[in-house]
Amino acid sequence: MQQPSYELDMPRKQDIGLWKQDFQTVALLSSKSGRPHCLNKQHASAATQPSGSSSSKCIVSKCRDNPNCINYLGQNILLEQFSTTDAYSNSMFHPRDLNKMPAGLKNHGATCYLNSLLQAWFYTPDINSTIMKHAFHAHKNSVLYELGLVLAQLELSEKPCVSPERLINIMKIDPSLQQDALEFEKLFVSVVDLEIASLYTGSDSIMHLNDLMKGEHSYVTCCKNCQSKSSRQGSFHELALDITSCLTLLDCVNDYLFSELLQGDNQYMCSTCNSKQDASRHIQLHSLPKILNFQITRFRFDPKTLLKEKIHEKIEFPEWIDMSSFLVTAAQDSAIYELKSVLLHKGFSANSGHYVQRLYSQKYDKWLNLDDETVSIMPFPSFELDGSKGISSKSTKTANGKLEKTAAKSKVFVNISLKKQSLKNSNITEKSTAVTKQAQQATLTFSSSSAYQLTYVLSSKRLVDGNLVFPEETAVDSKKDAHMIIPKDMKAEIDLDNRDFHHQFETQITNKEMTVNILEAENVAWKQIFSTWHTMDEKTPFVYIMTKNLAELLKKRAAWIANLRKSLYVLDDKKNSEDEIAPLDTDIAEQSDNLWSISNHDLLCAHSKLHPVKLWMTKKISQTGYELLKQLGISVDPMLYSDDICIDCYQNVKQRIISNAEHQKNVKMVFDALSIRNSKTHDPVQPGYFISKSWLNDWKKGITFVAPNIGNYKKDVWCAHGALSIHSSRRTLISSKSHEILQHIFPDMKCCLGNDTECVLCIENHEQDSLEHRPLRIRANFEANTLKRLLDKKKLQLEINHDYFLVPTSFLTMWRSFVKSRNHSLPPTSLDINSVLCQAHGNLLFDLETDNTKETVLSFVSTDEWKVIQEIYILADKKAIHVRLVVDDADIPSKNVHFEVDPPTCWECRKQRILSFDKTDIHIVKFATPIDTDFQVDHKGLESEDGKNSSDATISKSDVLLLDSKRPLSKSPEPKPNLPTKKRRVSKRIRSERSVVACITPTMTAHELKFKLMNHFHTPPMYQQLFYRDKELVQDEMTMREIGIGPGETIEIRIFEQPEHPTFQDHASTSTESGFSGTALAGIMPGLASTQTQKTSSEHHNCESWTCFKCTFINPSTTKECSMCGPINT
């Protein structure tokens, strides 16, 4: 509770009236004191409420300092912690029912791409059986064995969440790096097939995973001139479909098989014609795999922005599709495929985001939503991440929860472009038309804007009258559940793990029961305390407790209870299901003695008793309420009762109150008769008295109570010779009546009469000093009139082909102090410019075109001003800095202006000067577009004399970009500053939005600077681009010293504004993508050198990072909050 300010040894102004009454009224705060016994809002019984109390009069502003009111201490916050105790007591992390609930997979950082693949393989019977069959022969600690173990755990483990950590470690995958799920699947299949092949040396009849997903196709090219055809056979593992111009899956397949025209620069070299000819090229499908994957192209490269962009277009797809019409040969008996899984990608970036798998389970006869640890059975299939169903055809739900078609059929596949069909192979077009008619009979059609891969599995069903039905010979077999064959050693390991989990579950039950009992006991105890700890009247036995410490204890207790409630989720958090359960810290007796102790030491006076002035800082707690607090282990130290109020302090304070009242009375009397000028009864014979002005003000405020002729106050009126001082501003004239009153208060007071003359000796000495300093005053006036522009700090307008000179700003500061001073300040002794020159070469340490800090050190003066300065002041070492503004090409003066400086800039020494700092400020300027000529930037101009942000010229943004500031600090420049332009006035609010001053250190990296700017510009670092001297800072790990940024430099920031619902989202990735280098997958990637793999792996281990648990974005170890979504690193 926030307490108002107070004076420790005196009562507050509103309590002064209490001290005029007796001790009982002050000490016990009876009803006479204006401190009523307020209604206890935590107890509704009127019989136990204070007599005459009213809740309507009890408000926080009036009762926070009322010891008789025990409301507003945080009771509601503490009681709110018990509001959901019953719900938490029933929340248990039970072992899963293997026949009713599927298992999830733990995300170890950014491994959602791996989890989605493992779930898809587990629920695909052909892949599952193939892996488990070969896992029998695999040795432990191999990829194949660990993969089979994860699939076996998904089948037999009673944990709601299974961890693939061992598989991740075997494959040397960095769990903090996000990867593309489809790319990972291709490489993972190759790794598993290599291990399968190594188990059966010399055998070619072994089924591999690749065999389940591999189909055959050919590229056919037809010459338009001779009509000859050439064909190139090949295999495919998925069909990559472009959805930018297609709405449906069949549209995309037709577009995939579309005849491409080769003409112009892309003509075909015909071997028959022996020349380049126009031709057409299309793809023919010869055979389809058992598992047919359609890869939806969600990301594309934009050559304009050089960035990847995500495509958010919706695609519509059926629950089954007949692919026989797309085959050029009738090699397959059936080509009907049923939809089994859909991989969804959540996010706007190609290099980050989250993968979710939704698939059909034959075991549960339902569609499942598999999102890492979160697993749920879906009442109906849906493939939109925003919660919408995404079902095109109308359907009804039966009693068993299944969807059935109604009379309204889906017509989504009718809209195949006729124009596109005319361009395709006629054979394919006719077959596509037939498929379209059959597709109208589809039971369900789905749509999704997040689908990344559609997986269809070859069905044993047949198409009969537009419906899929099982043949009679397979109808019975299809209803049987396929049991998973698991090796004995895997099963034994899983059984042991299940026993350990059951032990943990029993521990959880014990912890929860104990926690719930404690929470219930606390709930009953605190409700009883809050209903009985108020005082009925002055006769109720009570103790004093400091209000602030009591409120803090209630807040601390509420936090402790909240932690107990959170402990009920020790195993409810599926992410921690693999972690060992720690025992709950619920024993209050084992807590520290100081943790639940309320201190009253701040209420004690010098006599170790309760100070009566501090009673308003207390609450009166009934003896009954205090005993209940003791039962909860809460103690009060020291115990303070009404008898502990210090009477000595009461008497002392009361005496001071009386003295202060008497002092205020005397002050009023003196000031009422103070001014003799306003008195109509002024007596010329009694002209008044001089008194110290500072003493009169201090005595009025109660700061001093000594006589005005003692100490420093005497010097304000009397000089050292004992006469009236010549400093008339330090004294004031009071009337004879005021003097008489003060004389009565201070009998030893002595004052000068109002008609006394000032000390003659002091006057003579002052005149002598004035004569001695008169030449300096004449010189100061002359220099002020001659160098009036420098004195007034006016800007110097620079002109082309004119000469100027530079002088140190420190010299002008000292010179202005001399010219303006009335205390006889001395002028500068000489003009020394060595402070702005390097000692090694004697050249200038600043660049007049790019250094923003030069105005705090150097100032421009004209040739006439320089002549005056040179005549008056001695030049140290006879050195001067000569500057000339010249133009290379008179036809284009605005783009060829630069400075000629003598002595020139020393670039090596300038670099050392810039980079030798511990902490400094730089300027960050925001531009929404590469060239924003509407906004004028003040780069602190070309001259400033006092170092207070003044400038001689302002340069626009477009002009600044013309400066050749791309050169390194160590090289000789080719400066091209623009002519000064008029600065357009911009509001302070707009300037604050477009620019900010940031404090940097030499070791701060570019990414740390972006994170620092995130709060000001409200933009995550990934959407910021920083430019220094027209070059982008593309390496986020480079430090300010390595980049060469020094004090006062300017950095341009460009923001990529992110729309709320974009069609696609860019991600400006500036770091090199290492992909799967350094992992077990890199061995099968062609062209990946082992040396590069080791280098990348070494660099990764040297660069620590952490992955956001919410969005899986990888953040540097130096940041505490996620750069994408904001959560703190836990």
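The crossing of H6 and H7 is left-handed. That is my starting point today. A reminder before we go on: this is a predicted model.

Stay with that pair. The axes of H6 and H7 come within 9 Å. They cross at roughly 125°. That angle makes H6 oblique to H7. Which residues of H6 and H7 meet? On the H6 side we have Asn128, Ile131, Met132, His134 and Ala135. On the H7 side, take Leu144, Tyr145, Leu147, Gly148, Leu151 and Ala152. Sorted by class, this contact holds eight nonpolar residues, three polar and no charged.

Now H6 by itself. The helix covers residues 125-135. Its buried residues are Ile127, Asn128, Thr130, Ile131, Met132, His134 and Ala135. What do they pack against? Among the helices, H5, H7, H9, H10 and H15. Strand E10, residues 291-296, is also on the list.

Two of those partners, H5 and H9, also meet each other. H5 runs over residues 112-122, H9 over 181-199. Their axes come within 9 Å and cross at roughly 60°. So H5 is oblique to H9. The handedness here is right-handed. H5 brings Tyr113, Leu114, Leu117, Leu118 and Trp121 to the contact. H9 brings Ala181, Phe184, Glu185, Phe188 and Val189. By class, that contact counts nine nonpolar residues, no polar and one charged.

On to strands. E3, residues 215-223, pairs with E4, residues 229-236. The sense is antiparallel, with eight bridges. Look for Tyr219: it stands opposite Arg232 in E4. Five residues lie between the strands of this hairpin. Gln227 takes a positive phi there, near 65°.

Next, an open sheet. Four strands make it up, in the order E34-E32-E36-E37. The pairing is antiparallel. Which strands stand at the edges? E34 and E37, each with a single partner strand, so one side of each has no neighbour in the sheet. Neighbouring strands are turned by 35° against each other on average, direction ignored.

Inside that sheet, E32 covers residues 803-808 and E36 covers 881-887. These two pair antiparallel over four bridges. Asp803 has Arg884 in E36 as its bridge partner.

H26, residues 863-872, lies across E32 and E34. H26 runs at about 100° to E34.

E40 has a partner in E42, residues 1050-1055. That pairing is antiparallel, over four bridges. Leu1026 stands opposite Ile1053 in E42. E40 also joins E41, residues 1031-1032, by two bridges, again antiparallel. There, Phe1027 stands opposite Glu1032. E40 and E41 form a hairpin with two residues between them. Arg1029, in the turn, has a positive phi of about 55°.

Last, two single residues. Where is Leu444? In the loop between H13 and E21. Leu444 has a relative accessible area of 4%, so it is buried; the cut-off is under 20%. The C-alpha atoms of Leu444 and Phe317 are separated by 8.8 Å. Along the chain, those two residues are 127 residues apart.

The other residue is Asn549, in helix H16, residues 547-567. Buried or exposed? Asn549 counts as buried, at 18% relative accessibility. Leaving aside neighbours within four places in sequence, Asn549 is in contact with Ile598 and Ser599.

That is the tour. Over to you.

Key:
Residues numbered from 1 in each chain as written. Predicted model: local features only at pLDDT ≥ 70, side-chain atom pairs only at ≥ 80, totals over all residues. Heavy atoms only, no water. Pairing = 2+ DSSP bridges. Axes fitted to C-alpha atoms, helices over the stretch in contact; angles between N-to-C directions. Parallel < 35°, antiparallel > 145°, perpendicular 65-115°, else oblique. Left-handed = near helix turned anticlockwise from the far one by under 90°. Contact = heavy atoms within 4.5 Å. Nonpolar A, V, L, I, M, F, W, Y, C, P; charged D, E, K, R; others polar. Buried < 20%, exposed > 50% of the residue type's maximum accessible area, 1.4 Å probe, protein only.
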